[in-house]
Amino acid sequence: AKTGVIDYLKNCIPNQSAVAVHFMNTYSWNTTLRSDLPQLGADIQQAELKSGATPFFNTLKKALEATTRSTRMVVFTDGSPTDWLNAEGEDEVIGYWANTNADKWIFSADIIVKISKSQQPEIPIDMVFFGIAEWSQREMNLLKYLSEKTGGFFLHFDPAKPNIWKQLKYLAPVNRLALTDGAFRAKVERGE
(Lines give C-alpha, C1' and ligand atoms only; values in the text may rest on other atoms or scores of the structure.)
Protein backbone atom coordinates (compact mmCIF):
# COMPACT_ATOMS: atom_id res chain seq x y z
CA ALA A 1 0.00 0.00 0.00
CA LYS A 2 2.75 2.43 0.92
CA THR A 3 4.77 1.69 -2.22
CA GLY A 4 1.76 2.11 -4.46
CA VAL A 5 0.68 5.41 -2.94
CA ILE A 6 4.22 6.81 -2.95
CA ASP A 7 4.77 5.87 -6.60
CA TYR A 8 1.44 7.46 -7.47
CA LEU A 9 2.46 10.66 -5.65
CA LYS A 10 5.80 10.76 -7.50
CA ASN A 11 3.86 11.17 -10.74
CA CYS A 12 1.60 13.98 -9.57
CA ILE A 13 2.76 17.54 -10.09
CA PRO A 14 3.73 18.99 -6.69
CA ASN A 15 1.90 22.17 -5.71
CA GLN A 16 -0.56 21.64 -8.59
CA SER A 17 -2.14 18.49 -7.19
CA ALA A 18 -3.61 17.99 -3.75
CA VAL A 19 -4.01 14.52 -2.28
CA ALA A 20 -5.69 13.14 0.82
CA VAL A 21 -4.66 9.65 1.90
CA HIS A 22 -6.97 7.37 3.89
CA PHE A 23 -5.63 3.95 4.88
CA MET A 24 -8.43 1.51 5.62
CA ASN A 25 -6.94 -0.09 8.72
CA THR A 26 -5.12 2.89 10.20
CA TYR A 27 -7.72 5.37 11.33
CA SER A 28 -5.16 7.72 12.88
CA TRP A 29 -3.56 8.22 9.46
CA ASN A 30 -6.42 9.77 7.46
CA THR A 31 -5.42 13.18 6.12
CA THR A 32 -6.95 16.24 4.60
CA LEU A 33 -5.94 17.49 1.16
CA ARG A 34 -2.21 18.25 1.01
CA SER A 35 -0.28 19.73 -1.88
CA ASP A 36 3.25 19.17 -0.54
CA LEU A 37 3.40 15.73 -2.15
CA PRO A 38 7.11 15.01 -1.50
CA GLN A 39 6.50 15.59 2.22
CA LEU A 40 3.31 13.53 2.11
CA GLY A 41 5.29 10.68 0.50
CA ALA A 42 7.95 10.93 3.22
CA ASP A 43 5.25 10.88 5.91
CA ILE A 44 3.67 7.80 4.34
CA GLN A 45 7.04 6.06 4.21
CA GLN A 46 7.39 6.56 7.98
CA ALA A 47 3.81 5.57 8.82
CA GLU A 48 3.12 2.39 10.74
CA LEU A 49 0.21 0.71 9.01
CA LYS A 50 -1.96 -2.01 10.46
CA SER A 51 -3.15 -5.08 8.63
CA GLY A 52 -6.26 -7.14 9.11
CA ALA A 53 -9.84 -6.36 8.20
CA THR A 54 -10.78 -4.09 5.26
CA PRO A 55 -13.44 -1.55 6.28
CA PHE A 56 -13.79 -0.68 2.60
CA PHE A 57 -17.19 0.99 2.34
CA ASN A 58 -16.94 2.93 5.59
CA THR A 59 -13.54 4.32 4.62
CA LEU A 60 -14.74 5.31 1.13
CA LYS A 61 -17.80 7.03 2.59
CA LYS A 62 -15.74 8.95 5.14
CA ALA A 63 -13.17 9.95 2.51
CA LEU A 64 -15.84 11.17 0.08
CA GLU A 65 -17.56 13.19 2.77
CA ALA A 66 -14.36 14.57 4.32
CA THR A 67 -12.74 15.76 1.12
CA THR A 68 -15.35 18.03 -0.40
CA ARG A 69 -13.04 19.55 -3.01
CA SER A 70 -11.93 16.28 -4.60
CA THR A 71 -11.96 15.86 -8.34
CA ARG A 72 -11.00 12.17 -8.36
CA MET A 73 -10.49 9.34 -5.90
CA VAL A 74 -7.96 6.54 -6.39
CA VAL A 75 -8.47 3.45 -4.23
CA PHE A 76 -5.74 0.83 -3.76
CA THR A 77 -6.86 -2.42 -2.13
CA ASP A 78 -5.75 -6.01 -1.77
CA GLY A 79 -8.60 -7.29 0.34
CA SER A 80 -12.26 -8.18 0.54
CA PRO A 81 -14.60 -5.68 2.18
CA THR A 82 -15.34 -6.68 5.76
CA ASP A 83 -18.08 -4.10 6.25
CA TRP A 84 -21.18 -2.80 4.53
CA LEU A 85 -23.41 0.26 4.72
CA ASN A 86 -27.01 0.01 5.83
CA ALA A 87 -29.91 1.95 4.30
CA GLU A 88 -29.04 5.06 6.31
CA GLY A 89 -25.47 4.89 5.02
CA GLU A 90 -24.12 3.89 8.41
CA ASP A 91 -21.32 1.38 8.79
CA GLU A 92 -21.98 -2.18 9.89
CA VAL A 93 -18.92 -4.33 10.45
CA ILE A 94 -19.60 -7.96 9.60
CA GLY A 95 -16.42 -9.68 10.68
CA TYR A 96 -13.28 -10.73 8.91
CA TRP A 97 -14.50 -13.71 6.84
CA ALA A 98 -18.23 -13.09 6.95
CA ASN A 99 -18.33 -11.35 3.55
CA THR A 100 -20.36 -14.01 1.82
CA ASN A 101 -23.33 -11.84 0.91
CA ALA A 102 -22.43 -10.12 -2.37
CA ASP A 103 -25.81 -8.33 -2.42
CA LYS A 104 -24.72 -6.27 0.59
CA TRP A 105 -21.56 -5.33 -1.31
CA ILE A 106 -23.56 -4.06 -4.29
CA PHE A 107 -26.05 -2.29 -2.01
CA SER A 108 -23.13 -0.59 -0.22
CA ALA A 109 -21.44 0.20 -3.54
CA ASP A 110 -24.64 1.89 -4.73
CA ILE A 111 -24.57 4.13 -1.63
CA ILE A 112 -20.95 5.07 -2.46
CA VAL A 113 -21.94 5.80 -6.08
CA LYS A 114 -24.78 8.01 -4.88
CA ILE A 115 -22.41 9.97 -2.61
CA SER A 116 -19.78 10.37 -5.37
CA LYS A 117 -22.41 11.62 -7.81
CA SER A 118 -23.88 14.06 -5.28
CA GLN A 119 -20.57 15.93 -4.99
CA GLN A 120 -19.96 19.03 -7.09
CA PRO A 121 -18.28 18.12 -9.33
CA GLU A 122 -19.06 14.39 -9.36
CA ILE A 123 -16.11 12.34 -8.12
CA PRO A 124 -14.95 9.47 -10.35
CA ILE A 125 -13.39 6.63 -8.39
CA ASP A 126 -10.46 4.67 -9.82
CA MET A 127 -10.07 1.19 -8.33
CA VAL A 128 -6.71 -0.56 -8.22
CA PHE A 129 -6.74 -4.17 -7.04
CA PHE A 130 -3.57 -6.02 -6.06
CA GLY A 131 -4.17 -9.75 -6.01
CA ILE A 132 -4.39 -13.01 -7.90
CA ALA A 133 -7.38 -12.98 -10.25
CA GLU A 134 -8.31 -16.66 -9.82
CA TRP A 135 -8.83 -16.14 -6.08
CA SER A 136 -10.45 -12.72 -6.20
CA GLN A 137 -13.13 -12.63 -8.89
CA ARG A 138 -15.88 -11.33 -6.58
CA GLU A 139 -13.66 -8.53 -5.30
CA MET A 140 -12.62 -7.58 -8.82
CA ASN A 141 -16.26 -7.55 -10.00
CA LEU A 142 -17.18 -5.23 -7.13
CA LEU A 143 -14.32 -2.84 -7.91
CA LYS A 144 -15.14 -2.85 -11.63
CA TYR A 145 -18.77 -2.08 -10.78
CA LEU A 146 -17.79 0.86 -8.56
CA SER A 147 -15.33 2.32 -11.06
CA GLU A 148 -17.74 1.99 -14.00
CA LYS A 149 -20.68 3.51 -12.10
CA THR A 150 -18.62 6.53 -11.03
CA GLY A 151 -16.76 7.08 -14.32
CA GLY A 152 -13.41 5.88 -13.01
CA PHE A 153 -10.92 3.26 -14.19
CA PHE A 154 -10.38 -0.26 -12.86
CA LEU A 155 -6.88 -1.72 -12.87
CA HIS A 156 -5.81 -5.15 -11.68
CA PHE A 157 -2.20 -5.88 -10.78
CA ASP A 158 -0.77 -9.25 -9.85
CA PRO A 159 1.81 -8.38 -7.16
CA ALA A 160 4.06 -11.21 -8.39
CA LYS A 161 4.59 -9.49 -11.74
CA PRO A 162 7.62 -7.22 -12.08
CA ASN A 163 7.35 -3.46 -12.55
CA ILE A 164 3.73 -3.07 -11.46
CA TRP A 165 4.59 -0.19 -9.13
CA LYS A 166 5.99 1.81 -12.01
CA GLN A 167 2.68 1.45 -13.85
CA LEU A 168 0.82 3.47 -11.21
CA LYS A 169 2.14 6.62 -12.88
CA TYR A 170 -0.74 6.31 -15.35
CA LEU A 171 -3.24 7.11 -12.62
CA ALA A 172 -1.63 10.51 -12.06
CA PRO A 173 -3.50 13.43 -13.65
CA VAL A 174 -0.81 14.13 -16.25
CA ASN A 175 -0.83 10.53 -17.55
CA ARG A 176 -4.36 9.26 -17.01
CA LEU A 177 -5.72 10.06 -20.46
CA ALA A 178 -3.70 7.10 -21.76
CA LEU A 179 -5.93 4.76 -19.69
CA THR A 180 -8.97 5.53 -21.85
CA ASP A 181 -7.57 3.08 -24.42
CA GLY A 182 -8.55 -0.42 -23.22
CA ALA A 183 -5.65 -2.13 -25.03
CA PHE A 184 -3.17 0.26 -23.42
CA ARG A 185 -4.80 -0.27 -20.00
CA ALA A 186 -4.33 -4.04 -20.44
CA LYS A 187 -0.62 -3.49 -21.18
CA VAL A 188 -0.30 -1.37 -18.05
CA GLU A 189 -1.87 -4.16 -15.98
CA ARG A 190 0.62 -6.66 -17.42
CA GLY A 191 3.52 -4.39 -16.46
CA GLU A 192 4.55 -3.66 -20.05
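User: What makes the space of about 30 Å³ the largest cavity here?

Analyst: The largest cavity holds about 30 Å³, and the count comes to 1 cavity of 30 Å³ or more. A cavity is a set of points on a 1 Å grid over the protein atoms alone where a 1.4 Å probe fits but cannot get out; its volume is the space filled by probe spheres set on those points, joined across faces, edges and corners. Keep in mind that this is a predicted model, with local features needing pLDDT of at least 70, side-chain atom pairs needing 80 or more, and totals for chains, interfaces and linings using all residues. Residues are numbered from 1 along each chain as its sequence is written, and side-chain values use heavy atoms, without hydrogens and water.

User: What makes a residue part of the lining, and which ones line the largest cavity?

Analyst: Lining residues have an atom within 4 Å of a point. F56, T77, G79, P81, E139, L142 and L143 line this cavity.

User: How do you know which part of the chain is predicted with the highest confidence?

Analyst: By pLDDT, the predictor's confidence in each residue, from 0 to 100. Helix 5 (residues 137-150) has the highest mean, 92, and strand 3 (residues 91-93) the lowest, 50. Helices (H or I, at least four residues) and strands (E, at least two) are DSSP runs, numbered from the N terminus. The chain averages 79.

Notes. On a 1 Å grid over the protein atoms alone, a cavity is a set of points where a 1.4 Å probe fits but cannot get out, and a pocket is an open set with protein on both sides within 12 Å along at least five of seven lines; lining residues have an atom within 4 Å of a point.
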